[in-house]
Amino acid sequence: MSAGDPPLVMLLGPTASGKTAVALAIAERLPVEIVSVDSALVYRGMDIGTAKPGPDERRRVPHHLIDLIEPTESYSAARFVADARAAIAGIRARGRLPLLVGGTMLYAKAFAEGLHELPQADRELRCRIEDEARALGWPALHARLASLDPATAARLEPGDAQRIQRALEIVALTGVPMSEWLARQRPVGTAAETILTIALEPSSRAALHERIAQRFQAMLGAGFVDEVRALRARGDLHAGLPAMRCVGYRQLWQWCDEGEHGGDVWQRAVAAGIAATRQLAKRQLTWLRAMPGRQVIDCLASDAAAQALALVRRASGA
C-alpha cells in the first residue's frame, strides 16, 4: 500500500443478504474490481449451489479469487490472505479500487487482524480423523474435542467438520489445545492499511430466513441437483472433502446417497439444506457483530446499495 492509496473496503454479510447485487451496483458507479471473500467460490464446478457470480456479472466487473482450485483440493485463510493481497496490488496498479466482498468471516478477520502461527497440517492424521468421523459422526468427534479443548469446542458447532478436524489435529500433533496456542501468540501479518468494513445485516431475522428459503428453491430450479450429480459422477470426490461439506452440497449429496427415493426423503433434504443455510447465516452474523468499527446497513432496506455506495465514495474520495 502506498501513502496515496484510499482505505480498503470490505463489504460483508450473511448468505442471502444481497452482497453481490450491492457490489455490482457500486461497480456501475465506481471503477472497482471485486475480490471474493468466500471459501466456496474458490472451487471450480461448484457454481449454482455457491451462488457464484455468472459470466455476465463477471464480464461487467472483474472478479478475483473465484475458480482457483478443484474440489479435491484444500484452501486456507493463510492462502486467502496471500492471494487477496496479490489481487489488491494488481487492481491498484491498474488505477482501480479493490472491493472485498463475501461472507467467509474467518477470511475477513484473518485479512484485517492477521493470523496465528499454528502447526502445519498432517495429511495422514487428517485422513485418520476423517475415517473416524465417517464411522462415528462429527458430533462424536466434537464431544471428544470438548474433553481435550473445552474452550475451542464451546465456540464450534457439532457439525463444523473442518474446524473440529483442525483442532483435534493440533492437540494430537502437539499435546497442546488450540485455545492455548492462540492465547500464547499475537497474530502476524496484520493489515497495515485502514479498512472500511460495511456490514449488510438484516433488521428482521425472519425476513432473511425467507430470502434464504427462496434462494435455495431458486438454486434447485436452476439445476443444483444436476450440479451435485455431476460432481458425484467425477469419481474423485467424497462427502468428507471440505468442498462437499459446503451447505446445500452436503445435504444433496446425502440425498443421493440415500437413493433419491420418495417425496418425503426429498422434502427432508430440502428442509435440511435450508436449515443448514440459516445456521450458516447465524454464525456469519455472530462473527460480523464482533467486528469493531463496522458500518451497518440494513440489507432489507430498499436503498441498501445507495447507502453502501455513499460510504465507498466517502472512503475512496471518488
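Modeller: Let us begin with a pair of strands: the bridge partner of Ile34 in strand 4 is Leu99. Helices (H or I, at least four residues) and strands (E, at least two) are DSSP runs, numbered from the N terminus. The model is predicted, so local features need pLDDT of at least 70 and side-chain atom pairs count only at pLDDT 80 or more, while totals for chains, interfaces and linings use all residues. Residues are numbered from 1 along each chain as its sequence is written, and side-chain values use heavy atoms, with hydrogens and water left out.

Biologist: In which sense do strand 2 and strand 4 pair, and over how many bridges?

Modeller: Two strands pair if DSSP finds at least two bridges between them. Strand 2 and strand 4 (residues 97–102) are parallel and share six bridges. Strand 2 also runs parallel to strand 3 (residues 63–64), joined by two bridges; there, Val35 has His64 as its bridge partner. Between strand 2 and strand 3 the chain passes through helix 2 (residues 55–60), in a right-handed β-α-β crossover. Right-handed means that, with the strands pointing away from the viewer, the path from the first strand over the helix to the second runs clockwise.

Biologist: Which residues lie on each side of strand 2, and are they buried or exposed?

Modeller: In a regular strand the side chains alternate between the two faces of the sheet. Buried means under 20% relative accessible area, exposed over 50%, and partly exposed in between (1.4 Å probe, protein chains only). Val32, Ile34 and Ser36 on one side of strand 2 are buried, as are Glu33, Val35 and Val37 on the other.

Biologist: How much space lies in the second largest pocket?

Modeller: Rolling a probe the size of a water molecule over the atoms shows where empty space is left. On a 1 Å grid over the protein atoms alone, where a 1.4 Å probe is used, a pocket is an open set of points with protein on both sides within 12 Å along at least five of seven lines, and lining residues have an atom within 4 Å of a point. Grid points are joined across faces, edges and corners, and a volume is the space filled by probe spheres set on the points. The second largest pocket holds about 410 Å³. Its lining has 20 residues, with Trp138, Ala239, Arg245, Arg250 and Gln254 nearest the centre.

Biologist: Which helix gives the largest share of that lining?

Modeller: Helix 12 does, with five residues. Tyr249 is found in helix 12, and Tyr249 counts as buried because its relative accessibility is 0%.
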